[in-house]
Amino acid sequence: MSTDTVTDVFEEHRPVLLGVAYRMLGRVADAEDVVQEAWLRWSGADRDDVREPRGYLVRITTRLAIDRLRQIKARHEAYVGPWLPEPYVTDFGDVVPDTAEQAVLADSVSLAVLVVLESLSPLERAVFVLREAFAYPYADIAAMLEREEPAVRQLAGRARKHVEERRPRYEVDPVQRRDLTERFLAAAAEGDLEGLMSMLAPDVRLVGDSGGKSRAPLRVLETADHVGRFVVGAARKGVEDMTWRFVEVNGGPAVLVLSGGKPDSVFQVDIADGRIQSVYIVRNPDKLQSLSA
């Protein structure tokens with residue numbers, strides 16, 4: 001295999017590898033580091049016996065991600081305030097033409113699901129990602145992880161049950177989410193607390209991730225009254241030289257807020273039954289660097 005072919009094969013599969021690594025780690029920089037390490041191993045490997053490059057590369061990436069996940073668990077335990085995954089720009093329409101497959105990928109990378117995945121063990125998370133997001137057969141996952149297939153099936157069942165029990169219920173219609181987001185922002189900007197609360201579910205939750213490096217709630221806010229009053233108050237204080245635009249992150253519409261042209265925060269909502277169930281605000285500057293371009 002020539003050098004050009006080796007590079008071309010890897011680049012062909014890079015989006016899948018990055019998708020696996022990000023779902024495992026929840027941080028773009030960590031995922032990119034893992035993919036880079038996978039490239040080094042691929043470029044230096046004896047590839048004569050590699051019949052299926054994609055499977056080979058996914059196996060390398062998954063194992064590296066498991067090792068990295070074990071290393072960063074302690075980092076999350078010492079985190080200041082609520083933790084959210086780093087916003088990940090997605091556009092499945094360009095790479096996955098099938099809308100049903102797009103929906104599966106979008107769900108598997110949503111903020112709500114990734115938060116739940118944080119509570120899985122590294123092996124459970126790997127099995128869940130490979131099975132639920134990428135539809136790998138149990139036998140292939142067992143080979144990648146060097147485990148017996150019955151053990152992998154057990155891990156998958158345990159992980160799936162855990163996720164289903166803890167994941168918030170939400171709808172993924174991007175048009176409805178964007179419309180409700182626009183109305184929400186307009187009501188907040190106008191200080192319309194009554195209008196704002198009419199869009200919020202009674203048990204709505206607001207999760208703000210600042211890592212202690214910017215202004216955001218240091219605990220999860222619950223109930224429409226608490227969330228509505230916080231949002232109106234935050235809008236009143238405003239952001240210096242603010243502009244904003246819609247972006248697609250983690251499989252759905254979100255708002256990127258800019259201050260002086262630089263990322264200040266990312267805002268996204270989950271909805272169910274026509275009302276906002278969850279509000280996510282990422283303000284940790286370390287998690288906004290990939291959105292600077």
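**View A. The hairpin of strand 3 and strand 4.** In this hairpin, two residues lie between the strands, and Asn250 takes a positive phi near 50°. The model is predicted: local features need pLDDT of at least 70 and side-chain atom pairs count only at pLDDT 80 or more, while totals for chains, interfaces and linings use all residues. Residues are numbered from 1 along each chain as its sequence is written, and side-chain values use heavy atoms, with hydrogens and water left out. Helices (H or I, at least four residues) and strands (E, at least two) are DSSP runs, numbered from the N terminus. Strand 3 and strand 4 (residues 252-259) are antiparallel and share eight bridges; two strands pair if DSSP finds at least two bridges between them. Arg245 faces Leu256 of strand 4 across this pairing.

View B. Arg205 stands opposite Glu222 in strand 2. In a regular strand the side chains alternate between the two faces of the sheet.

**View C. A stacked pair of tyrosines.** Five aromatic pairs are found in a search of the whole structure. Rings of Phe, Tyr and Trp (its six-membered ring) pair if their centres lie within 6.5 Å; planes under 30 degrees apart count as stacked, over 60 as edge-to-face and the rest as tilted. Tyr22 and Tyr88 form a stacked pair, with 4.2 Å from centre to centre and 25° between the planes. Tyr22 belongs to helix 1 (residues 3-25) and Tyr88 to the loop between helix 3 (53-77) and helix 4 (92-95), so the pair ties together parts that are 66 residues apart in sequence. Tyr22 is buried, at 0% relative accessibility, and Tyr88 is also buried, at 13%. Buried means under 20% relative accessible area, exposed over 50%, and partly exposed in between (1.4 Å probe, protein chains only).

**View D. A stacked pair of phenylalanines.** Phe184 and Phe267 have ring centres 5.4 Å apart and planes at 25°, so this pair is stacked. Phe184 lies in helix 10 (residues 174-189) and Phe267 in strand 5 (residues 262-272), so the contact ties together parts that are 83 residues apart in sequence. Phe184 is buried, with 1% relative accessibility; Phe267, at 8%, is buried too.

**View E. Helix 10 and its ends.** The 16 residues of helix 10 reach 22 Å from the first C-alpha to the last, close to the 22 Å expected at 1.5 Å a residue; the expected span is 1.5 Å times one less than the number of residues. Its buried residues are Arg177, Leu180, Thr181, Phe184, Ala187 and Ala188. Seen down the helix axis, these buried residues fall within an arc of 130°, so they line one face of helix 10; the arc is that of the directions from the helix axis to the C-beta atoms. Val175 and Ala189, on the other side, are exposed. At the start of helix 10, a side-chain oxygen of Asp173 comes to within 3.0 Å of the backbone nitrogen of Val175. Gly191, with a positive phi near 70°, follows the helix.

**View F. Two arginines over aromatic rings.** The charged end of Arg178 sits over the ring of Phe246, 4.0 Å from its centre. Arg131 lies over the face of Tyr138, at 4.1 Å from the ring centre. A charge sits over a ring if NZ of Lys or CZ of Arg is within 6 Å of the ring centre and within 35 degrees of the ring normal.

**View G. Polar contacts of Asn284.** Asn284 is found in the segment after strand 6 (275-282) and is buried, with a relative accessible area of 4%. Its side chain makes a polar contact with the side chain of Tyr79 (2.7 Å). A polar contact is a pair of N or O atoms within 3.5 Å; within protein, one must be able to donate a hydrogen and the other to accept it, and residues adjacent in sequence count only if both atoms are side-chain atoms. The side chain of Asn284 also reaches the backbone nitrogen of Asp286, at 2.9 Å.
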